[in-house]
Each structure stands twice: as C-alpha cells, then as structure tokens.
Amino acid sequence: MPVLSCNNLTKSYIVDTVIEDISFTVEDGDKIGVLGLNGSGKTTLFNILAGDIHQDKGEIFIQKDLVLGYLRQHVKIDSQNTIYEECLMVFEHLIGMEKNLRNLEEEIAELGVEGDSDRLASLMNRYANLTEEFQEKNGYGFKSEIRGTLIGLGFTVEDFDKEVNILSGGQKSRLSLAKLLLEKPDLLLLDEPTNHLDIDAIGWLEKFLKDYKGAVLIISHDRYFLDNVVNRIFYLENKTIKVYNTNYSRFMEQRKKDLEVLKRQYEGQQKEIKRQEEIIARFMNYGDSRYINQAQSRQRLLDKMKLIDKPMNSKKTRLRFEPKIKSGRDVLSVDNIKKAFDDFVLLEDISFDIYRGERVGLIGPNGIGKTTLFKIVLGEVGYDEGDITLGRNVITGYFDQEMGNLNLDKTVIDEIWDEYPKLNYYEIRTILSQFMFVGDDIFREVSDLSGGEKGRLSLLKLMLSNANFLLMDEPTNHLDIDSKEVLEDAILNYEGTLFVISHDRYFLNRVTDKILELTPEGLKEYLGNYDYYLEKKNESLYEEDEEDTKTKTQIKLERKKEKELIQKERERKRQIKKLEEEITRTEKSIEEIDSLLYDPDIYEDHERIVELSQKRQELQDELDDLYEKWISLIN
C-alpha cells in the first residue's frame with residue numbers, strides 16, 4: 001500500500017532548476033536508496049518531503065496520520081540532559097502512562113480498604129485497559145530498547161551518563177539517529193546515516209533497517225550498506241528521477257547498459273538533427289517558394305522534436321599512483337608494540353608483517369587505536385615497547401582523514417606548486433583538471449573547499465609523491481560513489497604496497513587482500529578480503545558456541561595449544577626473516593665476486609682467479625642451502 005506519492009515535483013533556486021517534474025511512489029515497507037551525483041537534488045527532495053521547504057510545482061500525497069522522521073546530515077543538539085535522559089524523552093508518553101498506573105494502584109489499594117465496590121470496579125477496569133495498552137506499546141521493555149539501540153550504535157554503558165552538550169559532532173549524530181529509530185516513524189528519511197558509525201554499528205543498523213516495518217528512504221555513499229538494505233533505487237540525474245526495482249549492485253549493472261542505450265539514442269538524434277538542418281539550409285538557399293515552404297515545414301517538425309538530454313560524461317577521472325622505486329620484499333615489520341597514555345594502555349602485544357604488493361585493511365571499532373598505530377609506523381608518535389622495521393627502499397606516503405597535510409591559507413594551485421616546484425604551469429593545470437579542479441577553481445583557497453574537494457586535493461598530493469608504501473586513513477570519506485570507484489581502480493593498478501584504515505566495507509572488499517582486525521584482545525589476521533573476514537569471523541563465533549559445551553580443562557588445553565602454535569608461527573617468521581637477510585648478504589657477496597671476475601685485467605693473475613672461483617662456489621653452495629631452508633619454512 002502506498003504511504004507517499006509524488007507527482008510532477010519541481011524545485012528551483014532563482015534560475016537554477018534542481019528537480020523538474022519528478023514522480024514516484026513509496027510503498028509501505030519499501031527500503032529505497034536515493035542516489036545521484038553531488039548537487040543532483042537528493043537533500044532538496046528530502047527537505048521537500050519533510051516539509052522544510054516547499055516545492056514550486058507538483059503534488060505530494062501522504063497517507064493519513066503518517067508519521068515521518070528525518071535524520072539530517074548535519075545535526076545540532078543543545079541539551080543539558082545525559083545521553084540516556086535524551087532517549088527517555090522519546091518515551092514520555094509511556095513514562096506518563098506508567099505514573100498513571102502507579103497512581104491507580106494506590107487508589108485501588110485505598111478503595112479496597114474503604115470497601116467502595118462500584119468505584120473499585122471502575123478503577124480496576126481502567127487499570128486493566130491502561131495496563132494492556134502499556135504492554136502493547138512495550139512499556140515494560142522500552143528501557144531495554146534504549147540500552148540496545150545505544151549500544152548497537154556504538155555507545156558504551158559508561159557513555160549513558162555523559163551530558164549531550166559535551167559530545168562530539170559524530171556522537172551527536174549517532175544520538176540523533178538513536179532517538180529517531182526509537183520513535184519508529186512510518187517513513188524514515190535518512191541522509192548519510194552511516195557517517196560516524198564504525199563497522200559493527202553499521203552492521204547493527206543494517207539488521208535493524210532490514211527488519212524495520214515502516215518505509216525507509218536512504219541517501220548514502222556506503223555501497224555495501226545499500227546492497228544489504230535496499231530493494232529499490234531512486235536515481236536523480238539531469239533534474240529527473242529514474243526508478244530501479246533492485247539493489248545497488250544490480251542497479252550499477254543496469255545503469256551502465258542504460259547509459260550505453262541513451263548514448264546511442266542521443267548520438268542518433270544529433271545526427272538526424274544535423275541532417276535535417278543541412279536540408280533546411282539547402283532548401284532555403286534555393287530561393288524558390290516551394291523549397292522555402294518545405295524548409296519551414298521541416299523546421300517546425302524539428303522544433304517540436306523532443307530532445308534527448310546529453311548523457312552524463314561517463315569518462316571518469318583516472319588516478320595513477322606510480323612508485324618511484326621498487327621496495328624490498330619486506331615492507332613493514334611490527335613486533336610486540338605497546339603504547340600507553342599514562343595508566344591507559346591503548347595498544348599491547350601488536351605484531352604483524354606487510355610484504356611488497358600486499359593491500360592490507362586495518363579495521364576495528366572507533367577509539368581502538370588504528371590511527372595511533374599508523375602514526376607510530378610513520379614515526380609521528382612514540383611507543384613504549386617493541387620494534388618497528390621499515391624495509392629496504394620503502395618510501396611512505398600518508399593520507400590523513402583530517403587532511404592535516406593541507407595548508408588552508410593557500411590556493412589550490414599553490415598547494416600543489418609549492419610542493420612540486422619543478423612542474424610548469426601547464427602541467428599543474430592539467431593535473432588539477434584531472435581531479436576536477438577547472439577554470440577559476442584552481443585559484444580558490446583551500447579553506448573554502450568542501451570535504452570532498454579537500455579529499456581529492458589530498459589524494460592528488462599523495463599521487464605525486466611517488467611513494468611505494470601508501471598509508472591511507474579513511475580515504476573514501478567525503479567522496480561520492482563515482483570518486484570512490486576511481487580511487488579503487490587506481491589502487492588495484494598500483495604496483496606498490498597499501499595499508500588502509502576504512503569503515504567502507506565495499507571499498508575493503510574490492511581492494512584488500514588481507515584484513516587486520518584490531519580488538520581489545522589484540523590483533524587478528526585474515527588472509528583475504530572483507531567477505532573472507534566475515535566468513536572466518538562467523539566460523540569462529542560458531543566455534544565459540546561449541547566451546548560452551550566443553551569442560552574448562554578441554555578449553556584450557558586447546559588455548560594452551562593455540563598459544564604454542566602462535567609462538568611457533570612467530571618463531572618461524574623470525575627464522576624466515578633471518579634467512580632472508582643471510583640470503584641477501586650472500587647474493588651481494590656473489591655479485592661482488594662476479595664483478596671482479598668480469599674484469600679482463602684479473603685474468604693475468606691465475607691464482608686470484610682460482611681463489612675467487614672457489615670462494616664463489618662456496619658462497620653458491622651456501623646460498624643453495626639457505627634457499628632450501630627458506631623454502632621448507634615458507635611451505
């Protein structure tokens with residue numbers, strides 16, 4: 001059953017028309033992804049539906065008594081309540097109902113003593129009806145519901161007593177989302193609901209929305225989230241809307257086909273228009289009234305022709321990260337790192353290795369220490385225990401999610417030119433245009449750029465650095481879907497090594513081949529992409545359920561065996577590392593002898609030749625032996 005229907009909606013700002021004659025229907029239970037490029041009118045549409053602004057033309061039909069809830073992208077909350085108290089406000093009607101029940105209980109007790117049976121019967125009837133209504137509205141469970149929703153969205157029990165006014169912007173956004181979900185409106189409008197949520201919280205929200213009985217419209221750049229939640233796509237483009245009754249992945253496949261068809265239709269129409277214009281011009285030049293009449297007739301038909309809009313340019317920006325030099329096989333070795341702030345231990349016993357060509361994703365809840373670990377690797381933050389080793393010829397490049405590498409007082413062109421003065425003006429403009437900085441955009445101050453524009457500028461600086469080991473902290477934040485795909489393609493073609501922090505699961509799934517999960521218990525390694533990580537994670541949860549049926553002795557023995565295996569694995573890695581260092585030294589010695597043997601002058605000294613040849617053979621035998629040991633350890 002339709003809960004909302006729009007017919008021929010149009011909205012303009014002065015001379016710019018944002019949406020024009022768009023029509024659609026939302027059915028009860030629909031989960032709809034609202035997509036389109038930045039500026040295509042998504043938020044404008046939401047503001048019209050929410051009644052914040054009025055359409056210039058068109059009609060909106062809303063189901064009677066429909067309750068609509070709207071989560072805006074930028075939230076402002078000013079309250080002296082605690083987080084928990086703020087959520088209790090959603091259930092003021094139930095709290096009032098509960099007080100009425102307590103009052104009725106007292107009256108019933110008093111009347112029981114007085115013996116007024118008629119009034120007592122009336123009160124008992126009221127009490128029974130109110131109790132039934134209270135139960136139906138989850139009066140006995142709303143406090144548990146608040147607790148579950150807050151924890152699901154990433155708050156801890158300790159956070160419940162924090163005053164709202166001291167919260168960060170991200171925490172306030174999560175609180176606004178929690179309140180909206182607790183209200184359970186018939187139609188939810190969610191503008192970027194996964195911003196400020198970690199992976200676990202996004203997973204919780206996905207399950208909540210899939211089970212949600214009402215209709216939901218979602219603006220989001222989180223493609224994995226869209227795939228898991230929505231069953232329809234509304235795509236806004238060229239001021240109009242196109243509806244796809246499918247999920248995100250299949251929408252993208254169909255969209256590519258539609259663009260090809262539209263492109264052929266547009267090109268065919270343009271050819272026909274050009275042909276008709278040439279005929280009209282030729283007939284007009286003849287000067288004969290018969291030809292002029294024919295020309296005018298053709299012109300009238302041409303004027304009435306419904307023109308096909310030019311398809312959006314499907315040619316995307318192409319990023320290319322090119323390492324200056326090739327690094328050694330071992331790129332990064334982290335061994336038993338510990339980092340504490342006073343008495344608070346943030347990281348402890350953190351060990352892992354990254355090898356040349358790997359694309360490694362680092363995941364974990366907010367506040368677990370992911371960014372701190374990056375800064376330790378980069379040498380920007382010290383550590384208390386352990387060892388960190390960067391490999392031979394490793395050149396690092398860092399993308400900071402706060403984009404602190406940008407000078408806000410500079411113009412866009414100076415930000416690049418000052419860093420790379422050897423580039424000429426033409427080269428700078430060409431590079432900037434590839435990142436969608438064209439015309440006067442290059443003379444804008446960095447401080448005036450949007451989050452997405454700053455992200456593109458930071459990526460450009462990283463691309464020009466020629467690093468062979470990229471460390472990227474939330475690189476897809478602020479990027480639209482097309483820009484994310486451009487970045488993913490660049491990473492897949494990158495010949496260096498990648499270490500990336502991200503909550504973007506679609507991005508992780510597409511580009512990574514190893515996942516490191518940072519947890520309060522330490523660090524776990526998964527040799528695959530994000531889907532592989534989920535598969536193994538679910539297997540381990542199943543194994544934990546099985547552990548509940550085991551005796552404490554069995555569990556202790558298994559954990560002892562597991563620790564021994566971990567220790568053996570660490571020892572194996574240390575031996576491999578030691579062997580590789582010996583192999584490198586031996587190969588270098590052989591190269592030195594070979595360079596001497598290549599010298600023609602040495603052949604006059606026969607004893608020296610014999611001595612060097614024997615030494616080379618000894619080193620070669622030693623090298624063969626080292627390789628045999630190395631092969632046995634890595635297999």
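# Asking how we know

Me: What does L190 touch, once its neighbours within four places in sequence are left aside?
Reply: In this predicted model, L190 is in contact with F46, L71, L177, L180, L209, V216, L217, I218 and I219.

Me: What makes L190 stand out in the largest nonpolar core?
Reply: That core has 52 residues, and L190 is one of the four that touch the most other members, along with L150, L175 and L209. Apart from it lies another core, this one of 42 residues, with F437, L464, L470 and I491 among them. As background, nonpolar side chains tend to be buried together in soluble globular proteins.

Me: Why is the contact between D330 and R329 called a salt bridge?
Reply: Check the distance. The closest N and O atoms of D330 and R329 are 3.6 Å apart, and the cut-off is 4 Å, so the pair counts. A search of the whole structure turns up 33 salt bridges.

Me: Are those two buried, exposed or partly exposed, and how do you know?
Reply: Under 20% is buried and over 50% is exposed, with partly exposed in between. D330 has 28% relative accessibility, so D330 is partly exposed. R329 has 39%, so R329 is partly exposed too.

Me: What does the salt bridge between E419 and K461 tie together?
Reply: The closest N and O atoms of E419 and K461 are 3.6 Å apart. E419 sits in the loop between helix 12 (412-417) and helix 13 (425-434), while K461 is in helix 14 (residues 451-464), so the bridge ties together parts that are 42 residues apart in sequence.

Me: What makes helix 14 mostly covered?
Reply: The count does: 13 of its 14 residues are buried. Take S458, which lies in helix 14. S458 has 3% relative accessibility, under the 20% limit, so S458 is buried. Leaving aside neighbours within four places in sequence, S458 is in contact with F399, M403, N405 and L406.

Me: Why does the pair R510 and E488 count as a salt bridge?
Reply: Their closest N and O atoms are 2.7 Å apart, which is within 4 Å, so the pair passes. R510 lies in helix 16 (residues 505-511) and E488 in helix 15 (residues 481-492), so this bridge ties together parts 22 residues apart in sequence. R510 and E488 also belong to one network of salt bridges that share partners, together with R223, K484, D489 and D504.

Me: Buried or exposed: what is E488?
Reply: Buried, because E488 has 0% relative accessibility. R510 is partly exposed, with a relative accessible area of 35%.

Me: Why is N285 called exposed?
Reply: N285 has a relative accessible area of 68%, which is over 50%, so exposed it is. N285 lies in helix 9 (residues 248-286).

Me: How do you know that strand 8 and strand 9 pair up?
Reply: Pairing takes at least two bridges, and 5 bridges join strand 8 (residues 232-237) to strand 9 (residues 240-244), so they pair. The two strands run antiparallel. One of the bridges has Y235 partnered with K242 in strand 9. The strands form a hairpin with 2 residues between them, and N238 in the turn has a positive phi of about 55°.

Definitions and conventions: Residues numbered from 1 in each chain as written. Predicted model: local features only at pLDDT ≥ 70, side-chain atom pairs only at ≥ 80, totals over all residues. Heavy atoms only, no water. Salt bridge = Lys/Arg side-chain N within 4 Å of Asp/Glu carboxyl O. Buried < 20%, exposed > 50% of the residue type's maximum accessible area, 1.4 Å probe, protein only. Helix = DSSP H or I, 4+ residues; strand = E, 2+ residues; numbered from the N terminus. Core = buried A, V, L, I, M, F, W, Y, C linked by side-chain atoms within 4.5 Å. Contact = heavy atoms within 4.5 Å.
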